[in-house]
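Have the chain open beside you and click along as you read.

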Amino acid sequence: MATIIFCSLNKTAQTTARRCWSSHLKGLANAGELHLPLSSTHSPSVVAATRWFCRGTGLRFMSHGTAGKSAAGRTRRGALALSGAAAVAAAAAVAGFLANANHFQRAEMATSVSQAAEDKEEEGDILERCRGFMCPPVTDISVLQGRKEDMRTRMEMLIMETQAEFCKALEKVDGGKFKVDRWERNEGGGGISCVMQDGKVFEKAGVNVSVVFGSLTEEAARQMRSRGKVLKGKDGKLPFCAMGVSSVIHPKNPHIPTVHFNYRYFEVEEEDGTKQWWFGGGTDLTPVYINKEDAFLFHNTLKEACDKHHPQYYTDFKKWCDRYFYIRHRGETRGIGGIFFDDLDSPSQEEVFNFVKSCARTVVPCYLPIVYKHLNDSFTDEEKAWQQIRRGRWEYMHEPAKGTQEAEMMEVLRSPKEWV
């Protein structure tokens with residue numbers, strides 16, 4: 001009986017391996033190709049086909065009719081063996097795993113690094129932190145230093161850091177450089193656009209920050225009220241501040257998915273000086289060809305970020321994302337979803353900000369390991385053409401042939417799926 005032993009995997013990689021392999025082993029067993037008990041209680045040890053996540057229940061800390069008020073105070077923030085007669089039959093899958101395991105390990109490492117960065121996010125001096133940005137922030141550094149504890153400053157620093165971290169990660173894998181362009185808004189504020197195109201990996205990648213302020217127009221105020229916001233302006237004016245970071249990435253290789261994310265903050269000052277505020281955002285993935293391991297990695301990274309704050313967040317915000325990106329007249333989803341939320345204004349400003357910060361910290365570890373995994377995947381002219389069809393979403397002349405990868409992808413898109 002053949003025995004394949006991976007002695008070089010450390011504890012982190014072993015954990016990742018178990019997660020990635022459980023679905024493969026179950027598939028082999030169901031197909032009759034692997035006649036091994038999928039249980040960690042048997043010896044020799046086999047990767048256990050275990051359900052890794054429990055869905056908790058709880059209250060959804062979210063209001064739909066009222067906006068939150070600024071709150072005072074803060075909250076705290078070996079060896080893996082595969083044994084059996086079928087080991088040779090699984091050799092091809094093993095080879096694929098060995099080629100890709102380091103990318104999933106990198107996902108966990110990146111998550112750990114992001115967590116450390118999150119914990120230290122506000123410890124450094126404003127000026128020192130700004131040196132790591134793609135360019136100086138929209139708001140003058142002296143202004144930011146003078147109101148370091150203000151949520152506007154903290155959110156602007158977060159979106160600037162998110163932009164820089166994501167851009168630098170993309171530059172590293174592509175070898176190209178982002179073109180940085182600053183723009184100003186006559187009414188107040190401005191933004192920073194970072195664009196990289198015609199690179200080795202990405203056809204076009206955009207990561208943009210905007211920080212704008214002024215007074216809401218009557219139309220904008222009406223829209224706010226229609227969303228349940230009770231706003232009382234002074235002399236018909238409602239001073240506001242809005243900021244966010246957003247990104248859309250289009251890779252060249254059709255086996256690397258498109259990703260989109262957006263995280264934002266809105267603040268309105270009423271006539272008595274009180275401020276109403278809310279956060280919104282989300283991250284979603286649009287693959288051309290479905291890969292269940294990629295879907296698991298992506299959704300699991302988001303789920304872990306959500307679970308740190310409330311056991312119901314991932315479930316609720318995934319459903320919201322599925323609804324938001326469902327194209328009703330075509331009867332399909334835009335991709336495989338992710339999370340999405342808006343008008344989030346409770347339980348407190350500090351807690352919601354920390355949640356948004358955790359989500360923003362996932363943009364590198366939920367996506368870059370997938371890019372590295374498929375970096376050198378070969379593809380045909382037909383697969384490239386299918387990518388263009390999916391990207392532009394032209395109307396189909398006909399349905400994809402049954403049994404093809406394209407048909408499988410369309411079946412996935414017809415209704416939201418559970419990935420973790």
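1. **Ground rules.** This is a predicted model, where local features need pLDDT of at least 70 and side-chain atom pairs count only at pLDDT 80 or more, while totals for chains, interfaces and linings use all residues. Residues are numbered from 1 along each chain as its sequence is written, and side-chain values use heavy atoms, with hydrogens and water left out.

2. **The whole chain.** You'll find 12 helices and 12 strands in the protein chain. Both are DSSP runs numbered from the N terminus, with helices being H or I and at least four residues, and strands being E and at least two. Of the 420 residues, 51% count as buried; that term means under 20% relative accessible area, with exposed over 50% and partly exposed in between (1.4 Å probe, protein chains only). The chain exposes about 20300 Å², and carbon and sulfur atoms supply 53% of that. Those areas come from the Shrake-Rupley method with a 1.4 Å probe, and for residues only the protein chains shown count as cover.

3. **A run of paired strands.** Start at β6 (202–215) and step across. Two strands pair if DSSP finds at least two bridges between them. β6 pairs with β7 (residues 239–251) in the antiparallel sense, over 13 bridges, and Phe202 stands opposite Pro251 of β7 there. Next, β7 pairs with β8 over 10 bridges, again in the antiparallel sense, with Ile249 opposite Val259. β7 and β8 form a hairpin, and 6 residues sit between them.

4. **On to β9.** β8 (residues 258–269) and β9 run antiparallel and are joined by 12 bridges; Asn262 faces Gly282 of β9 across the pairing. These two strands also form a hairpin, this time with 5 residues between them, and Gly273 in the turn has a positive phi of about 90°.

5. **How covered is β9?** Which residues of β9 are buried, and how many? The count is 11 of its 12 residues, so the strand is largely enclosed by the rest of the structure. Take Thr286, which belongs to β9 (residues 275–286) and is buried at 19% relative accessible area. Leaving aside residues up to four places away in sequence, Thr286 touches Pro257, Thr258, Arg334 and Gly335, where a contact means heavy atoms within 4.5 Å.

6. **Two helices side by side.** Two packed helices are described by the angle between their axes and the distance between the axes. For α5 (residues 151–174) and α9, the angle is about 5° and the axes are 11 Å apart. Axes here are lines fitted to C-alpha atoms, for helices over the stretch in contact, and angles run from 0 to 180 degrees between N-to-C directions. α5 and α9 are therefore roughly parallel to each other, as angles under 35 degrees count that way, while those over 145 are roughly antiparallel, 65 to 115 roughly perpendicular and the rest oblique.

7. **Who makes that contact?** From α5 come Met151, Arg154, Met155, Leu158 and Thr162, and from α9 come Gln349, Glu350, Phe353, Val356, Lys357 and Ala360. Those residues divide into 6 nonpolar, 2 polar and 3 charged. In this scheme Ala, Val, Leu, Ile, Met, Phe, Trp, Tyr, Cys and Pro are nonpolar, Asp, Glu, Lys and Arg are charged, and the others, Gly among them, are polar.

8. **Backbone spots to check.** Ser346 and Pro347 are joined by a cis peptide bond, with omega about 15°. Pro347 is found in the loop between β12 (337–344) and α9 (349–360). Then look at Asp198 and Asp343. Asp198 has a positive phi near 55° although it isn't glycine, and Asp343 has a positive phi near 55° too.

9. **One link across the sequence.** Phe296 lies in helix α7 (residues 292–307) and is buried, with a relative accessible area of 18%. Its C-alpha atom is separated by 9.7 Å from that of Cys366, which is 70 residues away along the chain.
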